[in-house]
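Hi everyone, thanks for coming. Let me put the sequence and the model up on the screen, and then we can walk through a few parts together.

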Amino acid sequence: MAEPVSESSNATGTGGGAGLGRFALPASILAVVLLLAVEQRDRFGYVVYSTNDRGRDLHAALMVSEGKLAFRDFDWPYGPLMPAYYALWFKAIGPSIRTFEAAELAMRFLTLAAVVRLGFCAAGGFAGLFAGLVWLLLGPIHGYYHTGNHIGGAFFVALMLTATIRLILRKGDPLREYAWLGASFLMLGLVKLNMAAAFGLVCFGTLRILSRRRVADSEYALPANRTLVVSCAAPITAVILVYGALLASAPRNAVPRCLPWLSFYRQDYGSLVSRALRELNPGGAGWGATGAWTGLAVTLMTAGTTIFFIGLIVAAFAALSLRAKGGLDSADASLAVFLCFAVLVGGHELLMAGAYYSVTFWAAPPIAVACVFAVSRLAGPFLRMRLGSAGTRIALALLAVTMAALNIAQADIYKSQGAWEWMQHPRARVMALRSWRDRGSWARAVEDATHFIADNSAPGEPILVVPMDAIYMFLADRPHACRTTDFSAIQNIAEDEQKRIIADMERLNVRMVVWTNTVISTPTSREVFGETHCRILADYIRSRYSPAATFGCEGPGDGFRNHGAVVWMRSSANALPP
């Protein structure tokens with residue numbers, strides 16, 4: 001019978017034996033958490049926000065904190081868990097962008113610790129430290145990340161992968177690991193359903209294949225076999241019940257917007273090849289203008305497509321090499337194959353729709369552990385042979401210092417993107433970026449428009465905001481005139497639904513409409529509210545309302561650069577009787 005792998009097993013060349021291995025995990029977690037805390041000390045509260053997706057996050061969390069539920073009461077394209085998470089922070093501290101940032105940062109710390117443990121379970125010793133450093137360089141720490149929803153999913157992905165790896169390597173009690181796997185699978189399903197399906201398929205599929213091969217190992221395999229179906233089926237059943245209960249009372253045409261996986265409900269970000277070439281352009285990455293060090297730091301922050309394929313190649317190379325070395329039945333080969341498929345499914349949104357930003361959240365944890373595992377198993381023995389034990393430790397220490405320095409450089413690059421402007425609104429209290437390419441101030445446009453909305457409407461009075469700038473409802477504390485907050489073209493709001501929204505506006509006597517200059521441009525399309533889509537609703541606004549005030553930039557813009565908004569008020573000739 002094959003022996004389970006010891007918790008302190010260290011074949012990586014990254015640790016210092018059994019005595020030191022006992023402290024490797026807590027020491028690694030402490031080191032990377034301190035690194036993140038140091039870089040966040042001067043960066044916290046400096047936000048690159050959009051009025052679009054980030055505004056929707058804020059508005060959703062606020063509505064949940066007021067007793068409403070995702071799907072049932074408002075359209076929401078992800079799972080119901082993260083709005084509830086942020087709502088708890090709003091209830092405890094008070095609703096503001098700063099509170100949202102604190103809640104998101106807390107989840108980053110948790111995810112970082114989970115990734116460190118993931119690397120430790122895969123390769124032992126101080127491999128977890130390097131997994132954490134890789135994740136800090138690739139993960140959603142620096143730059144513009146369009147939503148706060150996915151960081152919670154990254155945490156549960158790391159937990160799922162950890163439980164699966166411990167089962168592959170036969171570490172710990174299989175019943176306990178299956179319980180952790182099932183619980184993480186359930187929570188991931190409540191964050192983002194398609195990612196739960198993808199990672200669940202790989203994790204449970206891998207374990208099912210391995211359990212069939214280990215039938216003879218009754219002491220270990222049979223308990224796992226008895227619990228595999230339960231640990232998979234119970235979370236699936238729970239997720240179906242939760243989603244079903246929330247969607248049961250939602251309008252039928254809102255269901256596809258809450259489960260946006262059909263091709264005509266997805267944004268198309270264009271060719272993967274062309275995007276990878278743009279990412280590797282030295283001028284685009286900043287290598288020529290700022291030098292190799294800064295260029296490398298920027299590339300790690302922005303080159304999601306390239307990093308995904310590098311991670312996939314590394315994982316595949318490790319799988320092929322370890323299979324040739326030890327056979328398919330070896331634990332290392334099985335783990336390497338599993339990590340290869342984990343990286344693949346972590347990037348499935350990139351492969352299917354070109355969603356390059358998805359890699360940062362979903363593929364970064366498996367990429368981090370795949371790189372560390374490949375180096376520990378393939379390069380570790382070579383390094384120890386050529387450099388000796390002491391030389392290998394010195395080389396790894398220098399590598400860790402270099403990676404930490406790159407991470408600090410990324411934090412500095414983040415703060416040097418432009419000027420930072422203070423938003424003193426009680427629901428903001430943050431520094432907002434004014435990019436060097438911005439024609440106007442995002443912070444001033446949003447704050448001034450918010451004050452105008454609050455001054456010219458009554459508390460609790462519904463307003464309409466188009467095309468997708470829910471931050472104004474959050475900051476002004478005004479409800480929306482309909483359950484839909486995103487009027488972009490991919491939402492496919494049909495003519496009859498636009499007419500129903502108009503009827504609701506008439507019934508509620510909506511006096512104010514906020515119409516921003518957001519234009520959504522991708523390599524394959526250009527969306528303009530009232531021109532390419534939602535013409536009936538736009539014509540109604542033009543015919544019943546008149547521009548009352550303009551804020552920010554004129555001409556096309558978007559949710560975080562060159563932003564502008566026009567507040568329309570119902571003209572006196574079209575005013576409805578009280």
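Before the helices, a word on terms: axes here are lines fitted to C-alpha atoms, for helices over the stretch in contact, and angles run from 0 to 180 degrees between N-to-C directions. Helices (H or I, at least four residues) and strands (E, at least two) are DSSP runs, numbered from the N terminus.

Please keep in mind that this is a predicted model, where local features need pLDDT of at least 70 and side-chain atom pairs count only at pLDDT 80 or more, while totals for chains, interfaces and linings use all residues. Residues are numbered from 1 along each chain as its sequence is written, and side-chain values use heavy atoms, leaving out hydrogens and water.

How confident is the predictor? pLDDT, its confidence in each residue on a scale from 0 to 100, averages 86 for the protein, and 86% of the residues score at least 70. Residues 1-13 have pLDDT below 50, and this stretch has 35 contacts beyond near neighbours in sequence; contact means heavy atoms within 4.5 Å. Residues 282-289 also stay under 50, with 12 contacts beyond four places in sequence.

Now to the helix pair. The axes of H4 (residues 97-123) and H18 (residues 358-415) come within 9 Å, crossing at roughly 30°. That crossing is right-handed, meaning that the near helix is turned clockwise from the far one by less than a right angle. On the H4 side we find Val 115, Leu 118, Gly 119, Ala 122 and Ala 123, and they meet H18 residues including Pro 365, Phe 373 and Arg 377. Eight residues of this contact are nonpolar, two polar and one charged, with Ala, Val, Leu, Ile, Met, Phe, Trp, Tyr, Cys and Pro counted as nonpolar, Asp, Glu, Lys and Arg as charged, and the others, Gly among them, as polar.

On to strands, which pair if DSSP finds at least two bridges between them. E1 runs parallel to E3 (residues 430-435), joined by two bridges, and Tyr 46 has Met 431 as its bridge partner in E3.

Finally, what about E5 (residues 512-516)? Five of its five residues are buried, that is, under 20% relative accessible area with a 1.4 Å probe, protein chains only. E5 pairs in the parallel sense with E4 (residues 464-466) over three bridges, and in the antiparallel sense with E9 (residues 564-570) over five bridges.

Conventions. pLDDT is the predictor's confidence in each residue, from 0 to 100. Buried means under 20% relative accessible area, exposed over 50%, partly exposed in between (1.4 Å probe, protein chains only).
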